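Could you walk me through how to read strands, hairpins and buried residues in a model? I would like the general idea each time, and then the case at hand.

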Amino acid sequence: MSKAETTAKKQNPLLVLGKISAILDSFSLRQPVMTLSDIRQSTELPVSTVQRLVANLVEQGFLDRDGDAYRIGMKMAYWAAPATRGKEVLDVISPSLPELRDFTGETACLFRAEQHYRVCVGIAETRHALRREMHLGALAPLHAGSAGRVLLAWKPSLMQSLVDSSLESLTDSTITGMAELKSAVDQTRADGFAITTGERESGASGLSAPVFDSAAGLVAAVTISGPTMRMTREVCESWIEPLLETAERMTRLIGGRFPGETHRPAA
């Protein structure tokens, strides 16, 4: 066997592993079930390769059949469990913030609800000199800004707790009426994200999405924030998919699932 043939033989398992990884990466929480055609389109692998590798993955329990389609096998969840056991949720999902910050160039944060406030529990600050003031432990009212909108949308009890509260006006754009706030929260839940401009601080924008745990309970809101001069509505809309992908990755890292999605036994 020639040196070139030997080298190719050594690389072959890695090439196959790369193709398997591409197939598994094609599944997401937003598209948990995929047909062979979906997988082929996502991976751009030859039909014969997809058919062969998917059949092998099903045989090994990495994929489960779902009618004429496929989903990630429960065996993968079994293997994933030890990776996060014993680690705090924030320790698992916070490392995704710098990647989001580097992609957008703006500050990426995690917020959790504390009574009528949202608190910053994770942050990767922008490298721009001009930035919104934000730090770990910073508090902001729930009714103002995109992160609060997300927390209210997926925690109805929080919204109920504001019913008898006076909604403080922080800027000319702050929502101070319950009917208007409820409408905005309902829209956020329907969209799956929130974009706000100037609600908490004039000249500042925010874009947020939810992160869920294994019971489909809200864990946190992941947020991109920065000056409106850099984060125009058009720019925010162009970052919706990267934000949702980050929120989904965080959700998957802690074995979470979206509301309405059910755990299915292996076939």
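Predicted model: local features only at pLDDT ≥ 70, side-chain atom pairs only at ≥ 80, totals over all residues.

Q: How many bridges join strand 7 to strand 8?
A: There are nine, and these two strands run antiparallel. To find your place in the pair, look for Ala204, which stands opposite Pro227 in strand 8. On its other partner, strand 7 is joined to strand 6 (residues 194-197) by four bridges, again antiparallel, and there Ile195 faces Leu207 of strand 7. Further along the sheet, seven bridges link strand 3 (residues 107-114) with strand 4 (residues 117-124), where Arg112 sits opposite Val119.

Q: Which residues have a positive phi in the hairpins that involve strand 7?
A: Take each hairpin in turn. The hairpin of strands 7 and 8 has five residues between the strands, with Ala216 at a positive phi near 65°.

Q: Which way do the residues of strand 7 point, and are they buried or exposed?
A: In a regular strand, side chains alternate between the two faces of the sheet. In strand 7, Ala204, Gly206, Ser208, Pro210 and Phe212 point one way, while Ser205, Leu207, Ala209 and Val211 point the other way; all of them are buried. With nine of its nine residues (204-212) buried, strand 7 is therefore largely enclosed by the rest of the structure.

Q: And helix 7: how many of its residues are buried?
A: An α-helix has 3.6 residues a turn, so residues three or four places apart point the same way. In helix 7 (residues 146-153), eight of the eight residues are buried, including Ser146, Val150 and Leu152.

Q: What does Arg149 touch there?
A: Arg149 belongs to helix 7 and counts as buried because its relative accessible area is 5%, below the 20% cut-off. Its side chain makes a polar contact of 2.5 Å with that of Glu199. Leaving aside residues up to four places away in sequence, its contacts also include Leu142, His143, Ile175 and Thr196.

Terms used
Residues numbered from 1 in each chain as written. Heavy atoms only, no water. Buried < 20%, exposed > 50% of the residue type's maximum accessible area, 1.4 Å probe, protein only. Polar contact = N/O pair within 3.5 Å; in protein donor to acceptor, adjacent residues only side chain to side chain. Contact = heavy atoms within 4.5 Å. Pairing = 2+ DSSP bridges.
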